[in-house]
Amino acid sequence: MPYELQALIGPAELVAVAAAEVSAARPRPLAQGLALIPATPEFLAALRFGDEEPASAGAAGFHWFSVGLERRLAAWSKAGPIACVEADFFGGTGTQRAALWADGRLALGPFTSGEAGPFPPEGSPISLVLRHLGVHLPAGTADRDEFDAVGLAAHRTTTAWATPD
């Protein structure tokens with residue numbers, strides 16, 4: 001079964017401020033005080049400035065990046081950390097990429113996992129940035145990693161995250 005996600009994740013209060021600035025944002029709550037903005041085509045289009053070139057952060061491997069998104073992440077991260085994440089899996093294999101902006105700049109990552117092999121002992125790219133956002137694994141739960149702990153398995157596609165339950 002496929003899984004694909006392109007999103008921004010941060011503290012719920014920061015995500016609410018970001019969403020208020022971009023009418024196409026569809027924020028969704030996650031566990032542990034976090035929230036997610038799905039990077040839908042409408043959201044990404046709302047951040048573009050005319051016929052802009054891809055952002056320098058596109059070199060981080062986020063193909064959907066724009067100069068507008070890079071500028072907004074830098075601005076929003078002055079109020080708190082915010083992560084950019086993506087995952088693309090089918091039949092148990094796939095890729096993950098994640099990076100964290102803080103204090104107005106790219107502060108952590110990008111971390112990337114390829115299609116071959118399991119995640120390294122320190123965890124998946126998304127779990128690494130979630131840890132820096134304060135996510136912890138509650139004792140006595142079946143959560144295998146931070147990805148599970150915040151509920152990122154609730155929907156299988158970015159579009160599904162943008163659609164109210």
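Strand S5 (residues 93-102) is mostly covered, with 8 of its 10 residues buried, where buried means under 20% relative accessible area, exposed over 50% and partly exposed in between (1.4 Å probe, protein chains only). This is a predicted model, in which local features need pLDDT of at least 70 and side-chain atom pairs count only at pLDDT 80 or more, while totals for chains, interfaces and linings use all residues. Residues are numbered from 1 along each chain as its sequence is written, and side-chain values use heavy atoms, leaving out hydrogens and water.

Q: In which strand of the protein chain is confidence highest?
A: Confidence here is pLDDT, given for each residue from 0 to 100. The protein chain has a mean of 85, and 85% of its residues reach 70 or more. Strand S6 (residues 105-113) is lowest at a mean of 87, and the highest, at 97, is strand S3 (residues 34-38).

Q: How many bridges pair strand S4 with S5?
A: Let's start with the rule: two strands pair if DSSP finds at least two bridges between them. Within this pairing, Asp88 stands opposite Thr95 in S5. S4 (residues 82-90) and S5 run in the antiparallel sense, and their bridges number 9.

Q: Which residue in the turn between S5 and S6 has a positive phi?
A: S5 and S6 run antiparallel and are joined by 6 bridges, with Arg97 opposite Thr112 in S6. The two strands form a hairpin with 2 residues between them, and the residue with a phi of about 55° is Asp103.

Q: Why do the buried residues of helix H1 line one face?
A: Helices are DSSP runs of H or I with at least four residues, and strands are E runs of at least two, numbered from the N terminus. In H1 (residues 12-21), Leu14, Val15, Ala18 and Ala19 are buried. Taking directions from the helix axis to the C-beta atoms, these buried residues line one face because they fall within an arc of 135°.

Q: Which residues are exposed on the other side of H1?
A: The buried residues of H1 pack against strand S1 (3-11), S3, helix H3 (67-76) and S4. On the other side, the exposed ones are Glu13 and Ala20.

Q: With which side chain does the side chain of Glu146 make a polar contact?
A: Glu146, in helix H5 (residues 146-150), counts as buried because its relative accessibility is 7%. Not counting residues up to four places away in sequence, Glu146 touches several residues, among them Leu130, Arg131 and Val135, contact meaning heavy atoms within 4.5 Å. A polar contact is a pair of N or O atoms within 3.5 Å; within protein, one must be able to donate a hydrogen and the other to accept it, and residues adjacent in sequence count only if both atoms are side-chain atoms. At 3.4 Å, the partner is the side chain of Ser127.

Note on methods:
pLDDT = per-residue confidence, 0-100.
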